[in-house]
Amino acid sequence: MKQATTIDEVLSILENIIVTEVANNNNLALFPILYKKVTERIKLGITQKEFEDNHRMERLDVIFANRYIKAYFEYKNGEEPSLSWKNAFEATKNKKLLILQHLLLGINAHINLDLGIAVSETIGAQNDLHPIHTDFNKINEILASMVDSLQQKIGLVSPFFYLLDKVADGKEDLIATFSINIARDEAWLFANKYHDALNKETCLTDRDVSIANLAIKISTTKSRVLRWAIRFIRWFERKDIAQVADTLSS
């Protein structure tokens, strides 16, 4: 099982995943494109000493990334990753989902499940989580800015993507209401719950089931109007993953 030990190794593994899945014309390439951009930005922040504890931030970044990397290779090897990641990976086979939905599915599993665990493991069982809270928020600020930037690029490969905001306004479906800020706050609450849990395996399993259910909601919509809008938007999205990857990576 491939696992990184440095942030540069994380970037190398992510690039290899992207190249492999682009060659397969597989939607599995989409989330690691976003994740690589986030990791590159975190690396820059560490170099420029933007974090309260830059050495700790690299350790967190590696532990955090390894949860995605482990899940990816488990899935590819026919093993069982966490249910949250399994649902996200299985959804990549659904050709009806928007590019944005695939990105949100990855964010859902990685932020809502993995981040809290990674924070706890970075700090260590005997230590309090509070000192890492500011840097925890910084990671999520970086992610949010990367998602905003990427959404602008999605418009280049999805000419009617702008309709989603107009049609989704006021709808209660998760694709319309998903918020990285809310995910961040929930992830911090889970980090503390997991950190203090006497039975961490049970705590993780319960959380995994909950987040896996969110993945299903991201993949589906109750609103008939929103369903039709998604079908229309998807019809005009580029289907060639190499073209999509080139645009999103630029």
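Reader: In which helix is the place of F236?

Author: F236 sits in helix α11, residues 224-236. Helices here are DSSP runs of H or I with at least four residues, and strands are runs of E with at least two, numbered from the N terminus. Before we go on: this is a predicted model, where local features need pLDDT of at least 70, side-chain atom pairs count only at pLDDT 80 or more, and totals for chains, interfaces and linings use all residues. Residues are numbered from 1 along each chain as its sequence is written, and side-chain values use heavy atoms, with hydrogens and water left out.

Reader: Why is F236 called partly exposed?

Author: Buried means under 20% relative accessible area, exposed means over 50%, and partly exposed is in between (1.4 Å probe, protein chains only). F236 has 38%, so it is partly exposed.

Reader: What makes D135 and R56 a salt bridge?

Author: The term asks for a side-chain nitrogen of Lys or Arg within 4 Å of a carboxyl oxygen of Asp or Glu. For D135 and R56 the N to O distance is 3.1 Å, so the pair meets that rule. D135 lies in helix α6 and R56 in helix α3 (residues 54-76), so the bridge ties together parts 79 residues apart in sequence.

Reader: Are those two residues buried or exposed?

Author: D135 is buried at 2% relative accessible area, and R56 is buried at 10%.

Reader: And how do you know whether E80 and K86 are buried, partly exposed or exposed?

Author: E80 has a relative accessible area of 56%, so E80 is exposed. K86 has 27% and therefore counts as partly exposed. These two also form a salt bridge, with their closest N and O atoms 3.3 Å apart.

Reader: Why can one say that the buried residues of α12 line one face of the helix?

Author: In helix α12 (residues 241-249), the buried residues are I241, V244, A245, T247 and L248. Seen down the axis of α12, they fall within an arc of 165°, so they line one face. That arc is taken from the directions from the helix axis to the C-beta atoms. Their cover includes α1 (7-23), α2 (30-47), α5 (99-123) and α6 (133-157).

Reader: How do you know that the whole chain agrees with a compact globule?

Author: The radius of gyration is taken over C-alpha atoms, and the globule rule is 2.2 Å times the number of residues to the power 0.38. With 250 residues, a compact globule would have a radius near 18 Å, and the chain has 18 Å, so the two agree.

Terms used. Contact = heavy atoms within 4.5 Å.
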